[in-house]
Amino acid sequence: MSRVDNLVLVGLMGAGKTTVGRQLAQILKWPFLDTDQVLEERCGADIPWIFDIEGEAGFRRRETEVLADLSGRAQLVIATGGGIVLAEQNRAMLRQCGMVVYLAADVEQLFARVAHDTHRPLLQVADPRAVLRKLLLEREPLYREVASLVISADRQRSPRAVAEQIADEYHRNRPAELAG
């Protein structure tokens, strides 16, 4: 399978994948898709409900189906769910999907962004900061494994500035066969 020309954002919840992705899509004049939103639209239910009814395993299966559908399309900006890298099958698809950008942020920044978000089933516990710490420890090596580019998504930079940096890197580094 040859590499497809997309920009795919990975990272933990709260890293800014959706916010930066929308800005990036505007810059590139490409459609923006968020795998979580696509999944919710297909199911007719929100993610917390899917977790309640099907558990995390059911959600992850559906997430893989969405990624498979999107990975064959071209010139999309795709924001992924934070756990999409957990399955080896997904990591393989991500590597073939286009330029993968890991939006890196530390636990305190992530916590500040998601602490009061009730739409995140994995954080509906007594100590969400500890969950974020554990998830980052487990997932960061996987994000780095699939990433073509690692970008800091810290609070010092606006989402627009991060998106502009990604667009610049994309234009500088995309494979010659895709540079049409």
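**Fold and packing**

Author: Of the 180 residues in the protein, 48% are buried, where buried means under 20% relative accessible area, exposed over 50% and partly exposed in between (1.4 Å probe, protein chains only). This is a predicted model: local features need pLDDT of at least 70, side-chain atom pairs count only at pLDDT 80 or more, and totals for chains, interfaces and linings use all residues. Residues are numbered from 1 along each chain as its sequence is written, and side-chain values use heavy atoms, with hydrogens and water left out.

Reader: How many helices and strands are there in the protein?

Author: Seven helices and five strands. Helices (H or I, at least four residues) and strands (E, at least two) are DSSP runs, numbered from the N terminus. Along the sequence the pattern is β-α-β-α-α-β-α-β-α-α-β-α.

Reader: What order do the strands take in the sheet?

Author: The order is β2-β3-β1-β4-β5, in an open sheet of five strands with parallel pairing. Two strands pair if DSSP finds at least two bridges between them. The edge strands, β2 (32-34) and β5, each pair on one side only. From one strand to the next, the twist averages 25 degrees.

Reader: Which helices pack on it?

Author: Helix α2 (residues 35-43) is one of them: it touches β2 and β3 (77-79), and its direction makes about 70 degrees with that of β2. Helix α6 also packs on the sheet, touching β1 (7-10), β4 and β5, with its direction at about 150 degrees to that of β4. Contact means heavy atoms within 4.5 Å. Axes are lines fitted to C-alpha atoms, for helices over the stretch in contact, and angles run from 0 to 180 degrees between N-to-C directions.

Reader: Is β4 buried or exposed?

Author: Six of the six residues of β4 are buried, so the strand is largely enclosed by the rest of the structure. Both faces are covered, with M99, V101 and L103 on one side and V100, Y102 and A104 on the other.

Reader: And its neighbours?

Author: β4 (residues 99-104) pairs with β5 in the parallel sense over four bridges. In that pairing, L103 has I151 as its bridge partner, Y102 has V150, and A104 stands opposite S152. β1 and β4 also pair in the parallel sense over four bridges, and L9 has V101 as its bridge partner.

Reader: Which residues of β5 are on the covered face, and which on the uncovered one?

Author: L149 and I151 are on the covered face of β5 (residues 149-152), V150 and S152 on the uncovered one. In a regular strand the side chains alternate between the two faces of the sheet.

Reader: Core next. Which residues touch the most other members of the largest one?

Author: L7, L24, L94, V101, L103 and I166, out of 58 residues in the largest nonpolar core. Helix α3 (residues 47-71) gives the most to this core, with seven residues. A nonpolar core is a set of buried Ala, Val, Leu, Ile, Met, Phe, Trp, Tyr and Cys residues joined through side-chain atoms within 4.5 Å. Not counting residues up to four places away in sequence, L7 touches L24, L28, W30, L76, V77, I78, M99, V101, I166 and Y170.

Reader: How do α4 and α6 pack?

Author: Helix α4 (residues 88-97) and helix α6 (residues 128-146) pack at an angle of about 30 degrees, their axes 9 Å apart. E88, R91, L94 and R95 of α4 meet L142, E145 and V146 of α6.

Reader: Last one. What does D154 touch?

Author: A104, Q109 and R113, leaving out residues up to four places away in sequence. D154 lies in the loop between β5 and α7 (159-173). D154 and L103 are 51 residues apart in sequence and 9.0 Å apart in space, C-alpha to C-alpha.
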